Amino acid sequence: QVQLVESGGGLVQPGGSLRLSCAAPGFSLDYYDIGWFRQAPGKEREGVSCISGSDGSTVYADSVKGRFTISRDNAKNTVYLQMNSLKPEDTAVYYCAAPLLGFTVQALCTRDEYDYWGQGTQVTVSS
């Protein structure tokens with residue numbers, strides 16, 4: 001079982017930045033596809049960005065393209081989500097996730113492709 005731990009959330013003003021981290025203590029994330037998802041109150045959980053464990057290819061939701069960047073540091077066993085130019089509509093609980101077999105077949109960055117989930121970290125964008 002993969003245990004994922006998110007960190008880095010907080011309160012930020014519109015236009016500000018945050019960097020979220022996803023770690024897996026005691027478990028190597030090397031070669032694992034990892035996804036970042038978010039869920040705002042009253043809304044379904046949606047894919048934000050995903051990164052392949054095999055070739056590092058990335059997928060972004062249209063709403064965050066050009067503002068968010070997903071990356072991984074295998075030496076630190078951590079996947080990051082750099083969020084710039086934040087907007088109030090980015091307010092949500094952000095989760096990182098991993099698939100059961102370590103890879104997703106279609107790489108669509110959808111929630112049904114992922115099985116292990118962290119506890120989430122709150123991001124609030126407000127003035």
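These legends accompany close-up views of a predicted model.

**View 1. The largest nonpolar core.**
The largest nonpolar core has 29 residues. Leu4, Trp36, Leu81, Met83 and Tyr94 have the most contacts inside this core. Strand 9 gives the largest share, four residues.

**View 2. Leu81 and its surroundings.**
Leu81 is among the residues with the most contacts inside the largest core. Which residues does Leu81 contact, leaving aside neighbours within four places in sequence? Its partners include Leu18, Arg19 and Leu20. Trp36 and Tyr94 also touch Leu81. Val48, Ser49, Phe68, Thr69 and Ile70 complete the list.

**View 3. A second core.**
A separate core of five residues is found as well. Phe37, Cys50, Cys109 and Tyr114 are among its members. Two of these residues, Cys50 and Cys109, are joined to each other by a disulfide.

**View 4. The disulfide between Cys22 and Cys96.**
The whole structure holds two disulfides. One of them joins Cys22 to Cys96, with an S to S distance of 2.1 Å. Cys22 sits in strand 3 and Cys96 in strand 9. The two cysteines are 74 residues apart, so this bond links distant parts of the chain. The torsion about the S-S bond is about 70°, so the disulfide is right-handed. Cys22 and Cys96 are both buried.

**View 5. The disulfide between Cys50 and Cys109.**
Here Cys50 is bonded to Cys109, S to S 2.0 Å. Cys50 belongs to strand 5. Cys109 lies in the loop between strand 9 and strand 10 (116-117). Distant parts of the chain are again linked, 59 residues apart. This disulfide is right-handed because the torsion about its S-S bond is about 80°. Are these cysteines buried or exposed? Cys50 counts as buried because its relative accessibility is 6%, under the 20% cut-off. Cys109 is buried too, at 9%. Counting bonded cysteines along the chain, the disulfides follow the pattern 1-3, 2-4.

**View 6. Asp90 and Arg38.**
The structure contains four salt bridges. In one of them Asp90 pairs with Arg38, and the closest N and O atoms are 2.9 Å apart. Asp90 lies in the loop between strand 8 and strand 9, whereas Arg38 is in strand 4. The pair therefore ties together parts that are 52 residues apart in sequence. Asp90 is buried, with a relative accessible area of 0%. Arg38 is buried as well, at 6%.

Arg67 is in the loop between strand 6 (58-60) and strand 7. Asp90 and Arg67 are 23 residues apart, and their pairing links distant parts of the chain. Both residues are buried. Which residues does the network join? Salt bridges that share partners bring Arg38, Glu46, Arg67 and Asp90 into one network.

**View 7. An exposed salt bridge.**
Asp62 forms a salt bridge with Lys65. Their closest N and O atoms are 3.1 Å apart. Asp62 and Lys65 are both exposed, whereas Asp90 and Arg67 are buried.

Definitions and conventions:
Residues are numbered from 1 along each chain as its sequence is written. This is a predicted model: local features need pLDDT of at least 70, side-chain atom pairs count only at pLDDT 80 or more; totals for chains, interfaces and linings use all residues. Side-chain values use heavy atoms; hydrogens and water are left out. A nonpolar core is a set of buried Ala, Val, Leu, Ile, Met, Phe, Trp, Tyr and Cys residues joined through side-chain atoms within 4.5 Å. Buried means under 20% relative accessible area, exposed over 50%, partly exposed in between (1.4 Å probe, protein chains only). Contact means heavy atoms within 4.5 Å. A disulfide is a pair of cysteine sulfur atoms within 2.5 Å. A salt bridge is a side-chain nitrogen of Lys or Arg within 4 Å of a carboxyl oxygen of Asp or Glu.
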